[in-house]
Structure formats: structure tokens, C-alpha cells
Amino acid sequence: MRTEIIYADSTGDLEWVGEKAADLLAAGEVVALPAETVYGLAADAMNPDAVAKIFAAKERPAHDPLIVHIFNREDLRLVATIPDDIAEVCKKLRDEFWPGALTLVLPKRPEVPDSVTAGLDTVAVRMPADSVFRAVLKAFQGPLAAPSANRFGRISPTSASAVEDELGGRIPMIIDGGACRDGVESTIIKIEAVEGTKPNFHILRSGPVTIEMLKPFGRCKLPGKKGFISTGIEAPGQLDSHYAPTTPLRVIPRPEDFVPEEGKRYALLTLDGGKKSKLMDAAAWDKIEMLSPGAGKLPEAAVRFFHLLRQLDGEGFDEIIAEPMPDHGVGIALNDRLRRAQHGSGSATQNAADE
Ligand code: TXA
Ligand code: MG
């Protein structure tokens with residue numbers, strides 16, 4: 001299949017781009033497009049045949065549910081129902097964070113095909129902020145299912161060229177909208193009403209909407225910590241092995257934990273190479289990549305994270321050594337991605353197949 005790439009930078013005609021994509025989507029095809037988080041692979045969420053093409057192009061197992069994207073806050077009712085006991089907090093969260101990188105897991109409406117939700121009785125929904133994604137939703141006039149536009153288990157794409165590396169020849173269209181603003185996938189939460197007090201937010205995936213940002217609205221419960229209730233699904237975004245480079249990757253917090261082997265080529269991935277970077281002198285690095293050079297700013301690190309990981313993965317190192325990020329803000333999401341990347345690294349395809 002020939003993959004057409006169309007360009008939608010800020011000077012472009014977004015209406016035209018939206019309509020061109022919507023025509024393909026209405027014909028039951030898939031289209032890769034930018035979101036503010038990472039690039040997505042979209043299809044008509046209400047058309048099981050179109051949704052099946054997402055799973056085929058990504059080689060994604062059917063037990064991994066997709067996120068549904070809507071144009072308006074009101075469109076939420078097309079795909080989900082909102083239980084009375086969380087209606088108020090749901091509204092507050094939508095008002096505060098939509099359009100943007102917060103995905104809500106809610107009871108699904110029967111119209112949503114089971115393939116979208118992997119047979120679960122809940123659906124994950126968000127309203128994206130990216131102007132290209134919004135132009136496509138506006139022209140299509142219906143909800144779009146869209147996972148990240150990478151092959152299953154691999155590094156998420158944050159540029160159109162990364163999508164081309166992953167899915168070129170497998171899909172009919174990629175919309176190039178430049179680099180993604182946030183750089184990591186949306187925060188996914190499930191809300192649990194608690195009588196007489198604030199609700200609990202079970203953080204199913206950490207992301208750009210941080211715990212600090214969610215705190216005023218509810219109590220955040222993180223996986224592995226007290227009070228977290230698993231959804232019972234073992235979706236790959238929540239599996240141990242994901243976001244994986246083919247080069248082995250290790251997260252090393254302390255220099256004494258790293259002993260370089262003679263003759264091997266190592267790359268270091270660090271936040272800023274500054275005073276807090278303890279690994280700078282731990283080896284004669286063949287390459288050092290700084291996520292936020294000099295500044296050490298976590299949002300900047302997030303924007304560059306998958307891009308630099310993908311780049312290092314293509315440079316033939318024996319191992320990528322990563323320093324853990326500060327454990328606050330979007331650093332929590334980066335540490336989550338690093339941990340899963342480590343788990344699956346070196347043999348991404350094998351791990352994906354095992355799962
Ligand atoms: O930022 C994003 O969320 C991007 C862009 C394209 O919007 N999309 C994305 O989709 O990251 P994906 O498929 O790579 O991750 C979706 C994850 C699944 O792996 C699963 O963990 C979770 O969303 N998910 C989907 N439906 C769910 C449900 N009903 N209950 C719990 N988790 C669900
Ligand atoms: Mg993904």
C-alpha cells in the first residue's frame with residue numbers, strides 16, 4: 001500500500017486537511033494524525049471493520065482496548081454514560097482539562113463496538129487539543145478510536161517521520177502536523193466515588209496531566225500504592241513491557257550500579273547533564289543525550305523523550321543507559337515509560353508476541 005503524507009503546518013488549510021482525512025475515515029479506512037500527546041492511528045470508532053484495520057496495521061492484540069476521541073464535551077454522551085455519583089467531578093475535570101491530555105474511563109454505551117473496548121463494559125474517552133486532530137474530528141462528525149501510531153509494543157511516535165518508520169506501507173495516509181506538544185500519552189484515570197468526601201482517581205497511566213494538577217479534584221491512587229484498584233484488564237499500556245527500543249536499555253540510578261564492559265558502546269540518556277546527573281562520569285560514553293539540556297525542565301524532557309529514545313535506538317549502541325527522572329510532575333510518566341521500555345528492550349518483538 002502507498003502511504004500518502006499530507007502536510008498541515010500552522011499556515012496550512014486545516015479545513016482541507018480535515019476533509020481529506022474524513023473522506024478516508026468515512027470509507028472505513030485508517031489515518032495517522034498528530035495529537036498533542038503522540039501521533040495516533042484513527043478510525044471510525046463506531047465501525048468494527050474500520051477498527052479492525054487499526055489492530056491489523058499495528059499488529060495489536062485484540063485484548064488491548066482503544067481510546068475514543070470526541071470533538072465536543074457534549075459528544076461524551078455518544079459513547080459513555082456518566083454515573084450520578086461522579087457526574088459533578090466529571091464535569092469539573094472536563095471543564096479544567098478538556099480539550100487536553102486527560103482520558104476518562106467510564107461505563108460504555110452499547111453503540112460502541114466491543115472491539116474498541118476489548119469487550120470491557122467501560123470505554124476510555126478524551127477530547128484532544130491538537131488543532132489538526134480537531135479539524136479531522138470536525139470534518140468527520142463522529143468519534144474516532146485512536147491508539148498511538150506505532151507497531152505494538154514499540155516506541156510511541158512523536159513526529160510524522162516516526163509514524164512512517166512504524167507504519168509506512170501499511171496505512172493509506174499520514175498527516176504531518178509537526179512535533180507533538182506534550183510528547184507522552186494522555187493520563188488515564190478511573191474515578192471512584194467516595195461517600196462524603198473527594199473521589200478517588202485511579203491513575204491507570206500517568207501522563208501530561210500530572211498528580212499535582214489532579215489533586216484539587218480528588219485523591220490520586222497510583223499502581224502499586226495503597227488504595228489503587230486495578231481495572232482487571234491487562235492492556236499493554238499497563239503491561240510491564242511496552243515502549244520498547246530494540247537496543248537493550250537499563251535505568252541506572254547510581255553510578256556504582258554501572259560497570260561498563262570492555263569494547264562495548266554505551267549511550268547515556270540524562271535529564272540535563274547537570275549537577276544532579278550522577279552518571280556523567282561513570283563511563284566514557286559514546287554518546288550523551290540530554291532531554292532538557294541545561295534547563296532540566298520536565299515538560300521539555302517529555303516532548304523530546306520518545307524522539308531521542310527512537311534516535312538512540314537507531315544508532316547501533318550495545319546498550320542505552322538511562323538515568324531516572326525526578327519523581328514529580330510529568331517525570332512520573334517518564335519514569336513509568338522508562339521502566340516499561342527497560343522491561344521490553346532488546347527483544348521487543350519477542351516480548352510483544354509473548355504477551
Ligand atoms: O495520548 C493518547 O492517549 C494517545 C493519543 C493518540 O490520543 N493514544 C494512546 O492510545 O495512547 P493507546 O492505544 O496507545 O493506549 C490506550 C490505552 C490502552 O493500552 C489501555 O491501557 C487504556 O488505554 N484503555 C483503553 N480503554 C480502557 C478501558 N476501558 N479501561 C482501562 N484502560 C483502557
Ligand atoms: Mg500506545
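Start by selecting Pro99, which sits in the loop between α4 (84-97) and β5 (102-107); helices here are DSSP runs of H or I with at least four residues, strands are runs of E with at least two, and both are numbered from the N terminus. Show the backbone and look at the bond between Trp98 and Pro99: this peptide is cis, with omega at about -5°.

Before moving on, a note on what is loaded: this is a predicted model, in which local features need pLDDT of at least 70 and side-chain atom pairs count only at pLDDT 80 or more, while totals for chains, interfaces and linings use all residues. Residues are numbered from 1 along each chain as its sequence is written, chains are lettered from A and ligands numbered from 1 in the order in which they are written, and side-chain values use heavy atoms, leaving out hydrogens and water.

Next, select Ala118, in the loop between α5 (114-117) and β6 (122-126). Its phi is near 55°, a positive value in a residue other than glycine. Most residues other than glycine have a negative phi, and most peptide bonds are trans.

Now for some helix packing. Select α1 (residues 14-26) and α6 (residues 131-140): their axes come within 7 Å and cross at roughly 55°. That makes α1 oblique to α6, the class left over once angles under 35 degrees count as roughly parallel, over 145 as roughly antiparallel and 65 to 115 as roughly perpendicular. Axes are lines fitted to C-alpha atoms, for helices over the stretch in contact, with angles from 0 to 180 degrees between N-to-C directions. Show side chains, and you will find Leu14, Val17 and Leu25 among the α1 residues in the contact, with Val132, Val136 and Phe140 among those from α6; contact means heavy atoms within 4.5 Å. By class, this contact has 11 nonpolar, two polar and one charged residues (Ala, Val, Leu, Ile, Met, Phe, Trp, Tyr, Cys and Pro are nonpolar; Asp, Glu, Lys and Arg are charged; the others, Gly among them, are polar).

Move along to α9 (residues 298-313) and α10 (residues 331-344), which pack at about 30° with axes 9 Å apart. That makes α9 roughly parallel to α10. On the α9 side, pick Leu298, Ala301, Ala302, Phe305 and Phe306; they meet Gly331, Leu334, Arg337 and Leu338 in α10. The residues of this contact divide into seven nonpolar, one polar and one charged.

Which element gives the largest share of the lining of the second largest pocket? It is α10, with five residues. The volume of this pocket is about 370 Å³. To centre your view, select Leu222, Pro223, Lys225, Ile332 and Asp336, the closest to its centre of the 14 lining residues. By class, the lining has six nonpolar, two polar and six charged residues.

Finish at the largest cavity, with about 60 Å³ of space. Its lining includes Thr187, Ile203, Leu222 and Ile332, and divides into five nonpolar, five polar and no charged residues.

For your own check of these spaces: on a 1 Å grid over the protein atoms alone, a cavity is a set of points where a 1.4 Å probe fits but cannot get out, a pocket is an open set with protein on both sides within 12 Å along at least five of seven lines, and lining residues have an atom within 4 Å of a point. Points are joined across faces, edges and corners, and a volume is the space filled by probe spheres set on them.
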